Amino acid sequence: MKKIAILTSGGDSQGMNAAIRVVAKTAMSKGMEVYGIRRGYKGILDKDIFKMNSLDVAGLAGKGGTMLLSARLPEFKDPEVRTKAANILKEFGIEGLVVIGGDGSFHGAHYLYEEHGIKTVGIPGTIDNDIAGTDYTIGYDTALNIVLESFNQIRDTAKSHDRTFIIEVMGRNCGDIALNAGIACGANGILIPEVESTVDDIIKIIKKRRAENKFYDVIIMSEGWKGKETIAQDLKERMPELEPKVVVLGHIQRGGSPTAADRLLATKLGVKAVELLEEGQSGLMVGVQSSNIVTHKLSYAWENYHKKSQEDYDVAMMLSV
Ligand code: ADP
Ligand code: F6P
């Protein structure tokens, strides 16, 4: 394989740049020409495709965002739009395509291969950690650490004022950020979409804490939890003495310099992605499972996605008091 292209698609994540750098440098070291496509699948249709050189990726390992820019293009679900994109890739002589993104982006890569024979490999890049076939996605560790830092800051003021805070974190329908940041921070209650829970579960924790002379609480709630719109109101109705405040962390969770763990993950997965293309393999995703670099069919990412276990959640809630 002589000519490959890279694109980033869907929500950006810290470590996407690190992955771009590694894919480009690995491919260049093997004598391949490397092309960057700006703004994901949209960039293919716009023919926003440029030849990359080693200067383009210099100093990228620690930079947040994605130098290839990202976008969402819902029209890519339309087979006719994908046919146009496949023809453009062929017109540019692109033989292999590395897609860095989440499971939506993996769907696009899957169809480009299945329908048009474009050789594609997916690298999981999303803060949500919602892809089967890998224990971690690139960006997830950095997002967890951002939540941890914010939690510490909020806990300081919560303690000073005897207040109850609810921190809303991202993750779409996946509660991994909330659950694992909650465990790491010692949150006083965790609310995630995968496990049935109500405001009454939080009230129980708060009452136990008051009985132990703990007069503040910091709860972590995933954006996908069903009761998020009314949580402050519901808590106040049951315990009028509370002054619950919701803090939405939002997009700060996606920015900033990636952690060492995310940079290393990006490196291992980036090298593997290029090796697969070099071997002529396609329609695959790369991941890390139990410290091993693994490959699966792209469709594995969404077909094998499992809900979080009740046991992990129960331990987290036991530690919440
Ligand atoms: P992520 O990749 O982070 O999960 P999205 O779900 O927003 O983010 O998907 C990113 C892009 O991938 C979409 O805007 C679209 O261009 C493409 N995509 C998503 N789902 C599909 C699908 N079912 N078929 C083809 N392309 C898709
Ligand atoms: O998939 C990453 C993510 O940050 C989700 O956690 C969140 O639900 C979504 O993207 C936000 O998307 P946008 O940047 O379009 O607001």
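Predicted model: local features only at pLDDT ≥ 70, side-chain atom pairs only at ≥ 80, totals over all residues.
1. A pocket here is an open set of points on a 1 Å grid over the protein atoms alone, where a 1.4 Å probe fits, with protein on both sides within 12 Å along at least five of seven lines. The volume is the space filled by probe spheres set on the points, which are joined across faces, edges and corners.

2. (A lining residue has an atom within 4 Å of a point.) Helix α4, residues 103-116, gives the most to the lining, with 6 residues; helices are DSSP runs (H or I) of at least four residues, numbered from the N terminus.

3. Ligand 1 sits in the largest pocket, meaning that more than half of its atoms lie within 2 Å of the grid points. Around ligand 1 there are 18 residues, each with a heavy atom within 4 Å of the ligand. Helix α4 has the largest share of this shell too, with 6 residues.

4. An oxygen atom of ligand 1 lies 2.7 Å from a polar side-chain atom of Arg 72, and a backbone N or O atom of Leu 73 is 2.6 Å from a ligand oxygen. For Gly 104, a polar backbone atom is 3.0 Å from an oxygen atom of ligand 1. On its own ligand 1 has 550 Å² of accessible area, and the protein covers 87% of it (Shrake-Rupley method, 1.4 Å probe).

5. Ligand 2 also takes space in the largest pocket. Among the residues surrounding ligand 2 are Arg 72, Met 170, Glu 223 and His 251. Asp 128 has a polar side-chain atom 2.6 Å from an oxygen atom of ligand 2, while a side-chain N or O atom of Arg 254 is 2.8 Å from a ligand oxygen. The protein buries 75% of the 390 Å² that ligand 2 exposes when taken alone.

6. The second largest pocket has a volume of about 390 Å³. Its lining has 21 residues, with Asn 129, Asp 135, Asp 176, His 306 and Lys 308 closest to the centre.

7. A word on conventions: residues are numbered from 1 along each chain as its sequence is written, with chains lettered from A and ligands numbered from 1 in the order written. Local features need pLDDT of at least 70 and side-chain atom pairs pLDDT 80 or more, totals for chains, interfaces and linings use all residues, and side-chain values use heavy atoms, leaving out hydrogens and water.

Terms used:
Polar contact = N/O pair within 3.5 Å; in protein donor to acceptor, adjacent residues only side chain to side chain. Helix = DSSP H or I, 4+ residues; strand = E, 2+ residues; numbered from the N terminus.
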